[in-house]
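Open the model in your viewer and keep the sequence beside it. The tour below goes from the whole chain down to single residues.

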Amino acid sequence: MHSSVGLGSSPQPSSDESLRVALRVVEPSKKSSAAVHFRRVVLLCEVMGDLFTVTIAVVLAYVVYGESALGKHIHYQGKTILTVAIGFALVMVLMLDRAGAYRLGNSLLRVRETEHVLRVSVESFFIAMAVSFLTNVLFARWLLVLCLVLVPLLLVVEKSLAYLILRVLHSRGYGNERVLIFGSGSTGRRVFSVLKRSPKLGLQPIAFVDDDPAKAGSAVFELGYERRQFAPVVHGPLTRDLIDNYKADLVIVAIPSIAREAFIRTLDEALSASARISFVPGHLLPSDPWVGYQDIDGVLLASFRKPTLRVGYQLVKRLCDFFGSLVLLVLASPLLLFLSLIIKIDSRGTVLFRQERVGRNGKLFQMYKFRTMHTSAAPYDYSPDSPADPRITRVGKFLRRTSLDELPQLLNVLRGNMSLVGPRPEMPFIVEQYTERQMQRLEVKPGITGLWQLSGDRVFQIHENIEYDLYYIQHRNFFMDLAILLHTSVFAMRGV
């Protein structure tokens with residue numbers, strides 16, 4: 001559950017866009033932020049605990065192997081065993097992460113957790129066998145068998161202890177967020193049960209809210225044989241005052257068939273109380289890229305969320321931007337000088353065109369381009385959508401067709417105003433007309449190239465085709481950036 005966003009005022013959507021919403025960010029409360037920090041600490045402790053446990057299990061397996069008479073004994077130095085154990089532990093943790101073992105809400109009575117441990121242990125065993133077979137590194141087979149037994153055994157014990165410790169911490173109020181469930185039917189009961197069975201989430205359901213007066217004052221028990229845990233049902237509707245009275249941090253709408261008007265009304269009330277929002281979606285799922293989905297023990301919960309900030313990716317991206325733009329500027333310097341000369345010869349005016357553009361978080365910056373239009377053209381106007389536009393110079397037609405007019409933006413990338421890959425920066429007068437949905441483009445640093453620039457829709461205005469940018473913002477990663485740069489290079493060489 002991440003930072004929630006709510007519904008802004010917007011005109012009534014058309015039928016094909018009935019599930020799209022204009023979004024605005026709601027900042028989490030201090031308690032919510034503390035709970036998020038607590039979960040991060042728990043996750044870090046879990047990873048470190050797994051690393052330590054696997055390392056100890058491998059060392060213990062070697063001790064057992066050395067003290068037993070299993071097979072032909074192979075002696076390893078203590079330093080070698082410790083190095084192999086740490087390396088094996090790192091591989092195991094990476095494989096557990098890839099399998100989803102560190103995701104929230106994957107308990108399913110902790111069967112999934114054990115399943116991940118068993119599966120990854122067996123996969124690691126076969127990887128070690130393959131390494132031993134294909135290289136000169138010789139692992140004793142009985143040692144590998146002992147590792148296959150002890151590693152998952154100790155991991156399951158370690159995770160069981162961690163589970164108990166986490167439950168104790170939550171019972172004492174650490175890392176909890178208070179949750180109101182709107183809807184006390186079968187879906188609401190399932191949501192209540194999975195939250196109770198998923199202590200990693202730190203979400204404590206405190207009450208159900210239901211519009212049916214006949215259910216008021218009753219209690220809803222968790223699904224299961226023991227039926228020990230329950231929450232009371234209070235009479236709705238769900239209002240800001242009700243949320244404030246229960247000091248709820250999160251509201252979960254557990255009515256998949258809820259009408260759109262009632263859904264919007266509920267969101268408005270929750271957001272006015274600064275509560276975050278999640279909901280159990282119906283058959284038609286919202287396709288907005290800021291709606292994220294999480295499968296919690298088979299219950300699909302949707303949440304409005306901001307794109308997550310990945311520090312490692314941001315750091316690598318900035319390093320690639322800096323050194324990449326620096327190298328490209330040096331390599332392209334003869335071409336830059338030649339283009340500057342023919343622009344000067346072709347028409348009167350400066351070689352470079354400077355214009356204020358809107359960057360990340362609405363910050364203004366000076367963007368550089370080669371001048372492709374006559375000096376009589378208005379500096380701030382909609383971009384030409386045809387090469388026959390009379391504002392474009394003769395050389396400008398060639399520069400715009402080949403995108404060579406964008407080369408000076410490498411200076412912006414070097415300075416940190418822009419990135420090599422990202423949404424195109426817009427002019428201020430256009431951004432002033434943005435809807436709240438279009439404002440999402442400003443969440444990341446603008447770029448020279450991106451998905452929109454590679455699409456056929458680039459002949460239209462940027463703000464009229466934001467789906468490409470929103471998709472990039474939600475799914476961006478290092479390899480996507482690299483793929484976009486490669487496709488841009490192909491497009492540039494073809495003169496598209």
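What follows covers the overall fold, the nonpolar cores, a hairpin, the aromatic pairs and one serine.

This is a predicted model, in which local features need pLDDT of at least 70 and side-chain atom pairs count only at pLDDT 80 or more, while totals for chains, interfaces and linings use all residues. Residues are numbered from 1 along each chain as its sequence is written, and side-chain values use heavy atoms, with hydrogens and water left out.

Start with the whole chain. It has 15 helices and 14 strands. These are DSSP runs, numbered from the N terminus: helices are H or I with at least four residues, strands are E with at least two. The chain has 496 residues, and 45% of them count as buried. Buried means under 20% relative accessible area, exposed means over 50%, and partly exposed lies in between (1.4 Å probe, protein chains only). The accessible surface is about 26,300 Å², with 63% belonging to carbon and sulfur atoms. Areas come from the Shrake-Rupley method with a 1.4 Å probe; for residues, only the protein chains shown count as cover. Of the contacts (heavy atoms within 4.5 Å) between residues at least 6 apart in sequence, 71% join residues at least 24 apart.

Now look inside. In soluble globular proteins, nonpolar side chains tend to be buried together. A nonpolar core here is a set of buried Ala, Val, Leu, Ile, Met, Phe, Trp, Tyr and Cys residues joined through side-chain atoms within 4.5 Å. The largest one has 28 residues, and Val54, Val58, Met92, Leu143 and Val151 touch the most other members. Helices α1 (30–67), α2 (78–98), α3 (111–134) and α4 (141–171) each give at least two residues to this core. The largest share, eight residues, is from α2. Take Val58: leaving out residues up to four places away in sequence, Val58 touches Ala85, Phe88, Cys147 and Val151. A second, separate core has 24 residues, including Ala332, Leu407, Ile448 and Tyr472.

Next, the hairpin. Strands β11 (residues 352–358) and β12 run antiparallel and are joined by seven bridges; two strands pair if DSSP finds at least two bridges between them. Val358 stands opposite Leu364 of β12. Five residues lie between the strands, and Asn361 takes a positive phi near 60°. Strand β12 (residues 364–370) is mostly covered, with five of its seven residues buried.

The structure also holds seven aromatic pairs. Rings of Phe, Tyr and Trp (its six-membered ring) pair if their centres lie within 6.5 Å; planes under 30 degrees apart count as stacked, over 60 as edge-to-face and the rest as tilted. Phe263 and Phe279 have ring centres 5.2 Å apart and planes at 70°, so this pair is edge-to-face. Phe263 sits in helix α7 (residues 260–272) and Phe279 in strand β8 (residues 276–279), so the pair ties together parts 16 residues apart in sequence. Both residues, Phe263 and Phe279, are buried. Phe478 and Phe479 also form an edge-to-face pair, at 5.5 Å centre to centre and 80° between the planes. Phe478 is partly exposed at 36% relative accessibility, and Phe479 is exposed at 64%.

Finish at Ser419, in strand β13 (residues 419–421). Is Ser419 buried or exposed? Ser419 is buried, because its relative accessible area is 0%. Beyond neighbours within four places in sequence, Ser419 is in contact with Lys317, Asp321, Val413, Lys445, Pro446, Gly447 and Ile448. With Lys317, the link is a side-chain to side-chain polar contact of 3.3 Å. A polar contact is a pair of N or O atoms within 3.5 Å; within protein, one must be able to donate a hydrogen and the other to accept it, and residues adjacent in sequence count only if both atoms are side-chain atoms.
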